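Student: I've got this structure open and would like to go through a few spots in it. Can we start with a loop and move on from there?

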Amino acid sequence: RNSRRIHLISRHPIKEQQFDTHQDWMMDLAACQRIRDGGGEGRPQRQERFAGCSCWKERRSMIAQERVAGTVTPALYRGDKGLGWAIERGAVDWHQAEVLTRRYVHDTVHGTQKRKRMELTLSCGNVITVDEVLLATGFGKKRPGGALITNLVETFGLPVSEFCGFPIVDEHLSWANSRIYVAGALAELELGPSARNIAGARLAAERILQAAHELRP
């Protein structure tokens, strides 16, 4: 039997949810058209409100409100051997905390140094010693792309939101009507809160492909 213990550290309570946004944000244009052809409304109201908003600061606020960060799907959390089951039975030690400090320590056996480990001091008051740390850090709030994106903005005068610095693109995700197209987090002021996940990649691909077809001679 493996005697090692697993520690799970999170700032917030564990939130169980199937997706990190409402499913309305994941509906692509083709799906909207199929619904419309079947007699439905077509594009969800959430997407309509977002597309109709011309204020980038307000769009950023809508993204923050609609995104549910740090979630765990029911398939991972529930049932026999799910995360909830493992925490209840002590197979996983869950700490609602942040890591305040860390330092390296060495185990010794009969005065002989054996192995290097890491001691973590948590904001909840616990101190744990671990062999390795795996990070699931999620998405940062800053604009991704680093120096590459900054250089593009400064060199070519590409438009960005004064509020958050993210690209201002058209409906096809073209940046300043150029041959530069964006996806992922860089497209979220146009696609909405699902831009960063797999559904957002599908939404971006659909729009960029549509633009490519329109550019054909």
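Student: Where does Ala185 lie?
Tutor: Ala185 is in the loop that runs between α6 (146-156) and α7. Keep in mind that this is a predicted model.

Student: Is Ala185 buried or exposed?
Tutor: Ala185 is buried: its relative accessible area is 13%, and the cut-off for buried is under 20%.

Student: What is Ala185 in contact with, leaving aside neighbours within four places in sequence?
Tutor: With that limit, the contacts of Ala185 are Pro144, Phe166, Ala195 and Arg196.

Student: And how far is Ala185 from Lys141?
Tutor: In sequence they are 44 residues apart. In space the distance is 9.2 Å, taken C-alpha to C-alpha.

Student: OK, on to Glu188. Which helix is that in?
Tutor: Glu188 belongs to helix α7, which covers residues 188-191.

Student: Buried or exposed?
Tutor: Glu188 has a relative accessible area of 0%, so it counts as buried, the cut-off being under 20%.

Student: How much space lies in the largest cavity, and what lines it?
Tutor: The largest cavity has about 60 Å³ of space. Its lining is made up of Trp25, Met27, Asp28, Leu29, Gln47, Leu191, Leu203, Glu206 and Arg207.

Student: Which helix gives the most to that lining?
Tutor: Helix α8 (residues 198-215) does, with three residues.

Student: How do the lining residues of the largest cavity divide by type?
Tutor: Five are nonpolar, one is polar and three are charged.

Student: Now the second largest cavity. How much space is in there, and which residues line it?
Tutor: About 30 Å³. The residues lining the second largest cavity are Trp25, Arg43, Gln47, Phe50, Ala51, Glu190 and Leu191. The elements giving two or more residues to this lining are α2 (45-51) and α7. The largest share, three residues, is from α2.

Student: And the types there?
Tutor: For the second largest cavity, the lining has four nonpolar residues, one polar and two charged.

Student: Last topic, cysteines. How many disulfides are there?
Tutor: Zero, from a search of the whole structure. Take Cys32: it is in no disulfide, and the nearest cysteine sulfur is that of Cys53, 18 Å away. A disulfide needs the two sulfur atoms within 2.5 Å.

Student: Is Cys32 buried or exposed?
Tutor: Cys32 counts as buried, at 2% relative accessibility.

Student: What about Cys164?
Tutor: Cys164 is in no disulfide either. The nearest cysteine sulfur, 10 Å away, is that of Cys55. Cys164 has 23% relative accessibility, so it counts as partly exposed.

Definitions and conventions
Residues are numbered from 1 along each chain as its sequence is written. This is a predicted model: local features need pLDDT of at least 70, side-chain atom pairs count only at pLDDT 80 or more; totals for chains, interfaces and linings use all residues. Side-chain values use heavy atoms; hydrogens and water are left out. Helices (H or I, at least four residues) and strands (E, at least two) are DSSP runs, numbered from the N terminus. Buried means under 20% relative accessible area, exposed over 50%, partly exposed in between (1.4 Å probe, protein chains only). On a 1 Å grid over the protein atoms alone, a cavity is a set of points where a 1.4 Å probe fits but cannot get out, and a pocket is an open set with protein on both sides within 12 Å along at least five of seven lines; lining residues have an atom within 4 Å of a point. Grid points are joined across faces, edges and corners, and a volume is the space filled by probe spheres set on the points. Ala, Val, Leu, Ile, Met, Phe, Trp, Tyr, Cys and Pro count as nonpolar, Asp, Glu, Lys and Arg as charged, and the others, Gly among them, as polar. Contact means heavy atoms within 4.5 Å.
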